[in-house]
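Tutor: Please keep the sequence and the model in view while we work through some questions and answers.

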Amino acid sequence: MRRSCKQELNEEFRKIFVRRTKINHHSSFIIHHFSFLILHYTLKEGKIKTMAELLGNSKRTHYCGEFTIQNAGERACVMGWCQRQRDLGSLIFIDLRDRSGIVQLAFDENTEKDIFDKAFGIRSEYVLCASGVVRERSSKNPQIPTGDIEIAVDELKVLSVSQTTPFEITENSRANEELRLKHRYLDLRRPDLMQNLLFRHKVAKVTRDYFDENGFVEIETPILIRSTPEGARDYLVPSRIRKGSFYALPQSPQLYKQLSMVAGFDRYMQIARCFRDEDLRADRQPEFTQIDFEMSFVQMEDVLNVGEGYIRRVFKETLDVDVPEIPRYTYRECMNRYGSDKPDMRFGMEIVDISDIVKGCDFSVFTSAVAAGGSVRGINCKGYAEKLTRKEIDKLTEYAKGCGAKGLAWIKRVGGNVTCSFGKFMTEDELNCICTRLDCTDGDVAFIIADTNDNAVLTQLGQLRVEAANRLDVPREGYSFLWVVEFPFFEKDAETGEWMAMHHPFTAPLDECLPYLETDKGSVRAKAYDLVLNGIELSSGSIRITDPALQATIFRLLGLSDEEAQQKFGYLLDAFKYGAPPHGGMALGLDRLVMQMLGAPTLRDVVAFPKVSNASELMTDCPAEVPAQALADLGISIDKQEK
């Protein structure tokens, strides 16, 4: 053995002899621990492969977290990991942990010597099987559900030993996240993280139950599909059989679920794995799970009712939270009031238009914006004047500029005094009118942005609204849902100026918008809808186009020729020729839903084996290079350009 290991062994023996003076055990106690420690340290040196005992005929009777005082007097067998061992001389306690919680194992003067001695050698994360009688604790622990009882152990098996873990297995660990993700199987042992995953399982079960009870059929759609444009880059999979050809991993089951409606299944659902090769954020992973459903012979109201019914059911069954009727806002209302199509409505700071007040003032920044067809709008940080010092206002000004604003005007009212960044250009009446419109009273700070592009003003103020709330720690509690409806059908690409579909090209326009599809694309609204929770988009959906002639028109307006449309979507277009029922659906992000329900700061807290910001998985070190022969079999060569 190495010197360090010998020193460690000597220290353990020193502890035994010190402890020997505290208890009246037979001298074989020393011999037993001598044998145990030799095994333990020989194991550490790699001299033998295992010291684990066999499970044998032992059968678990309870999970650790299931016990109450009502179980006192019963015989129980539990299995799990040692959270910690406490040696009190004549008493030894072990906190045994499994996925359900912790139970205390007790060893005292009534415990057989060999069992007691074995308990003395237990260390954190050893895997144990313990049997004994449940009894009421003399010193109860109200901090855990099982704190009224303990198990007086009369049989103990060490099923597996553990080396010292690279970080402590505790709730809310402060260990380096990269280290924890490298050893994710250990990270998942942490009770808080494990409970997140168990909660996710419960959400998935409620999901399947709800949709089954409402007549939906679960259909698995392919993972290896044809590459189709969906707004993000595909993950491509080379074919060995057809060299030079590629599968794509699905960004969504969109076309297959529509084909399921053509096939006549009427109601489809799936908890589907999806993949998008895009940059990661706190609420985004390259592979994710969505609750996908589609319905035939329906209008938008029917789909929203099913989606809203699901939300009420899952929140009630998992959190015992009653979700009230979810309000509906049009896309234009959301943008005008919050500057976002996924607003967090748990706090105010709504956007207010003051263009009519300032259009004739002497401040050219305001007047020129209005004259050019833009607008001047503001938000009010009500009651935060003390927190918003000049230094903080300057920081928010720089943030606004980073969002594209040309500047940030402001008004601050404290103790009857008004400080204004543009006051010298305004009359007293104009300034009073602005304050009245913005409801800017004593203790408030209002921010104003002007631009010749009205949409830019709204977007910039929407971003500033959230940033200000974050910096000011504005309280945001509970669950605030809303439906966003009547999205624009088309949006212009900022770089090319060409019209694109805001959702996807299979979304149906509103009936009243059909007459001006060709003449006024910017005014066409879609039968599309999003579900938003606390400023996060949970779902997106639409009523689909089933008329081949209308679908051909939409493709043409989006710049797709008949040949291109047939090449990319021919199988769907062909299917519609054989009788397609009117249908629509939506998909809710399961990862995001669970994240919001639990108040988790990141998706990594609700996904078992997540990726990090560069789309790699630290535990398995993927993506990774593959052998040259594997590439040769696929007909692929790697460009060795400098990375």
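Student: Which residues in helix 14 do Arg 332, Met 335, Asn 336 and Tyr 338 in helix 9 meet?

Tutor: This is a predicted model, in which local features need pLDDT of at least 70 and side-chain atom pairs count only at pLDDT 80 or more, while totals for chains, interfaces and linings use all residues. Residues are numbered from 1 along each chain as its sequence is written, and side-chain values use heavy atoms, with hydrogens and water left out. Helices are DSSP runs of H or I with at least four residues and strands are runs of E with at least two, numbered from the N terminus, and contact means heavy atoms within 4.5 Å. On that basis, the four residues of helix 9 meet Asn 455, Leu 458, Thr 459, Gly 462 and Arg 465.

Student: How is the contact of helix 9 with helix 14 made up by class?

Tutor: Ala, Val, Leu, Ile, Met, Phe, Trp, Tyr, Cys and Pro count as nonpolar, Asp, Glu, Lys and Arg as charged, and the others, Gly among them, as polar. Sorted in this way, the contact has three nonpolar, four polar and two charged residues.

Student: At roughly what angle do the axes of helix 9 and helix 14 cross?

Tutor: The axes are lines fitted to C-alpha atoms over the stretch in contact, and angles run from 0 to 180 degrees between N-to-C directions. The axes of helix 9 (residues 331–338) and helix 14 (residues 454–471) come within 8 Å, and the crossing angle is roughly 65 degrees.

Student: Is Asp 320 buried or exposed?

Tutor: Asp 320 is found in the loop between helix 8 (300–319) and strand 11 (328–330), and has a positive phi of about 55 degrees although it is not a glycine. Most residues other than glycine have a negative phi. Because its relative accessibility is 55%, Asp 320 counts as exposed.

Student: How does Asp 439 count by relative accessibility?

Tutor: Asp 439 lies in the loop between helix 13 (428–438) and strand 16, and has a positive phi of about 55 degrees. Because its relative accessibility is 41%, Asp 439 counts as partly exposed.

Student: What is the omega of the cis peptide bond that joins Cys 622 and Pro 623?

Tutor: Pro 623 is found in the loop between helix 17 (590–598) and helix 18 (628–634). Most peptide bonds are trans, whereas the bond joining Cys 622 and Pro 623 is cis, with omega at about 5 degrees.

Technical notes. Buried < 20%, exposed > 50% of the residue type's maximum accessible area, 1.4 Å probe, protein only.
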